[in-house]
Amino acid sequence: MSETATLILDGAEHRLPIVKGTAGERAIDVSRLRELAGCITLDEGYVNTGSCQSAITFVDGEKGVLRYRGIPIEQLAKHSTFVETCWLLIYGELPTREQLKCWSALFTKYEMIHEGLYHHFDGFPATGHPMAILSAMINAMSCYEPDLMEMEGPAIFQAAAARLISRLRTIAAASYKTSIGQPIIYPKPHLDYCSNFLHMMFSIPFADYEPEPDVVDALQLILILHADHEQNCSTSTVRMVASSGANMFASCAAGVCALWGPLHGGANAAVVEMLQYIHDNNIDPADYVARVKDKDSSLRLMGFGHRVYKTYDPRATLLKERADQLLARLKRVDPLLEIAKRLEDIALNDPYFRERRLYPNVDFYSGVILRAIGIPVNMFTVIFAMGRMPGWIANWKEVRDSQSALYRPRQIYMGPTERDYVPIEQRGDGGCLAP
Ligand code: ACO
């Protein structure tokens, strides 16, 4: 007999099924609780709620384990490429040689965006945030791909997925070029995914940028490590939008917006801003740690803490190693890396962080690498979005393929109970806040 949990409410016993994951995790299925017992569960911020069953990514936050489709992140970081990892996440298996060849060829085939789309960049001010431009452009792109909106059959899906991943880097680089007032650089078909992006970012019409292989590898590592992370804020957003039947472009554009916030993808930029602030103001890292512990300040040690990891984020381990390696190979010293290491040392030995189980997350060292590559801080979260796109697409596909129900959480209403409408002349004073 399958396992159940018993809930006793108002003297009545209700048996609720236990769902077991393939890695042994257990969940109480409360989907019929309202029907059985007349109440719902409340878990603000989804701290302890499984929103779906998924076969894409496994995270064990207690042990610091991350696997895509069962394969440890450390192995993918060592042996895979971003393009191959995209296939793995979306299709569930590593590609055969032939599949990888066709998949890479699709990325090349679709690397250019429609010429009409380039005119959209003229409409954004140079000060426009690249994440705003990115989400707007993904939606705009769907206007040029009406054939892909219906998503009939696996070939159309594959073309849409390849277009979205491939063109995202073209859009990202074009938005950067627009923001610095340089001409947009077109992609080059002979370049691999990462080199092509770096070419579009840093070449100028009369001088091609030739990236160091270590720089290309470091970018590749960053993209692989960001490619998916189960039900984080942006991925849950993508699934939520997908569950309404919205197309892949609309769903992923929503993911970009969710990623933007400083508590999620925006943290990589916030970390470097924090390190720069400490550096420029000559602050002792120990004093800064004291400030973030002060309950009267709203400061946080950016790049520390995670909703799921209660130990070192395995991605942070890989990135810390790579930051050291890259700077050594490029023969550079970055004072911000030294500050980051000092902060980490102090925090890991401080009872405040130990008791709360706050460790470095993926964002703590990624910014140092992105700086070494030459990526400006306001593009950091865009790079995160480029990495996360295959994860969003895999989750969009999973929602579609499972024909999942519309995602529609309930709430506990805490507002006024029923009351009468008051005519405007009886409502008292109250002015405008806006100037
Ligand atoms: N610095 C200082 N204190 C912290 C930090 C931090 N970075 N993170 C959590 N805390 C403290 C909180 O103040 C709280 O203390 P209290 O119990 O005394 O009130 C306790 O630790 C728990 O914090 P919560 O915010 O409840 O934990 P939650 O799991 O909701 O937050 C989060 C996770 C948002 C990532 C948080 O740790 C944080 O704000 N970190 C900094 C931002 C960051 O690096 N975000 C990137 C996350 S990874 C990603 O999205 C890719």
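Analyst: A search of the whole structure finds 14 salt bridges. A salt bridge here is a side-chain nitrogen of Lys or Arg within 4 Å of a carboxyl oxygen of Asp or Glu. This is a predicted model: local features need pLDDT of at least 70, side-chain atom pairs count only at pLDDT 80 or more, and totals for chains, interfaces and linings use all residues. Residues are numbered from 1 along each chain as its sequence is written, and side-chain values use heavy atoms, with hydrogens and water left out.

Take Asp 208 and Lys 188. Their side chains meet in a salt bridge at 2.3 Å, N to O. Asp 208 lies in the loop between helix H8 (193-202) and helix H9 (213-225), and Lys 188 in the loop between helix H7 (154-179) and H8, so the pair ties together parts that are 20 residues apart in sequence. Helices are DSSP runs (H or I, at least four residues), numbered from the N terminus. Asp 208 is partly exposed, at 43% relative accessible area. Lys 188 is also partly exposed, at 25%. The cut-offs are under 20% for buried, over 50% for exposed, and partly exposed in between (1.4 Å probe, protein chains only).

Next, Arg 329 and Asp 214. The closest N and O atoms of this salt bridge are 2.9 Å apart. The pair links distant parts of the chain: Arg 329 is in helix H14 (residues 314-329) and Asp 214 in helix H9, 115 residues apart. Asp 214 counts as partly exposed, at 21% relative accessibility.

Last, Asp 313 and Arg 315. Their side chains form a salt bridge at 2.7 Å, N to O. Both Asp 313 and Arg 315 are buried.

Conventions: Helices (H or I, at least four residues) and strands (E, at least two) are DSSP runs, numbered from the N terminus.
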